[in-house]
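Below is a short briefing on one protein model. The points are grouped by topic.

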Amino acid sequence: MGLSLEEDHEVILSQILETLLSERADVLVIAGDVFDRASPPNSSIRQFNRFLKRVAEETRAAVVMISGNHDSGDRIEAMSVFSTASRVLVRGIADAVETPIVLCDDYGEVAFSALPFSYEYAAREVFGDEGISAPADVIAAQISAARGRVPEGARWVVVAHAFVAGGSVGETERALTRVGGIETVPSDVFEGADYVALGHLHKPQEVGARHIRYSGAPLAFGFDEAGNEKSMAIVDLTPEGVKIRTIPFRPIRQVRSLTGAFSDLLEGTPSKDFIQAILTDANPLVDPMKRLRATYPNACHLAYARQAHVAETKMQGGGRAAVTPIEMVGDFIMVVRGREPNEDEVAIVADKLHAAASGEE
């Protein structure tokens, strides 16, 4: 949205800490996308490190954390260097040896397997399997590596970052596959796990089964999430099964979309919420965003209703609003050379796009 969310995150992190204390939680699970980019601002890194330090010093909770597709795996992996091995499992890079952290409660042992996000190319090298060609193959290889290291009789919790089939996607989730193709993972790949904590999709939801669940993002990151309640899940593993409760977050600013004539919006109730303004005016206005911010200082998107209608019509007629970068390059090669791009060309473009998205170039 182009505005700093540091204050918003600080409030949510404090609420997470309060919940860990009030619930006397045994484990805090963070299932990837710790940051929203591979090279986050130093202020964000410091803020998150302060939070982890408070978790370690003020609560009894162990920490299980993995990298997501937005993260730099190396950066997340580095966070494990100074951890206490008995209370922390931090994984940023996929490994063929998936050793869990094993904790005990009143009912016995619970093994947590932390499976960091990995692209197919990296996973082929890690697992020595050239047949890995999709995210489902990556997760299957990680699950296979992890399953054999779960102690006999222990309950098993899997932490993963994936797009599991049946999940509800928002407008801000980034694709998990580098060269197109099927990015969804079937829920039955997690067979044998007592609970699966998933990262990637921003909306809290169950997929495939009640014990396979996304906790969702702690804040709304797109206007399609307006009105959605964000929360953290409290999961109890009992002999009778999994019990799940949610604790709603209380953000200091909401995400809202306002539609109406420009003059009417200007006379609305002043608000510091993040505002998307959809103007119904027939003609373009001069510098409307600057004037709107007198009433809504955090207004961050403006469009005209007629434009939104055109975009919606195109999506309904064509199935989607835009092609992917890979498809765009493919169309260009078809026009210039009269053929589809070959595998080498697709791989080169995919690597460059991935490097750009990861901040490597």
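Helices (H or I, at least four residues) and strands (E, at least two) are DSSP runs, numbered from the N terminus. This is a predicted model, in which local features need pLDDT of at least 70 and side-chain atom pairs count only at pLDDT 80 or more, while totals for chains, interfaces and linings use all residues. Residues are numbered from 1 along each chain as its sequence is written, and side-chain values use heavy atoms, with hydrogens and water left out.

**Helix α1**
- Buried residues of α1 include D8, I12, I16 and L20, where buried means under 20% relative accessible area, exposed over 50%, and partly exposed in between (1.4 Å probe, protein chains only).
- These buried residues pack against β1 (27-31), α2 (42-58), β12 (231-238), β13 (241-248) and β15 (274-279).

**Nonpolar cores**
- A nonpolar core is a set of buried Ala, Val, Leu, Ile, Met, Phe, Trp, Tyr and Cys residues joined through side-chain atoms within 4.5 Å.
- In the largest one, of 24 residues, I16, F48, F51 and M65 touch the most other members.
- At least two residues of this core come from each of α1, β1, α2 and β2 (62-66).
- Apart from it lies another core of 23 residues, including A146 and F163.

**K203**
- K203 sits in the loop between β9 (195-199) and β10 (205-207).
- K203 counts as partly exposed because its relative accessibility is 41%.
- Leaving aside neighbours within four places in sequence, K203 is in contact (heavy atoms within 4.5 Å) with S168, Y214 and G216.
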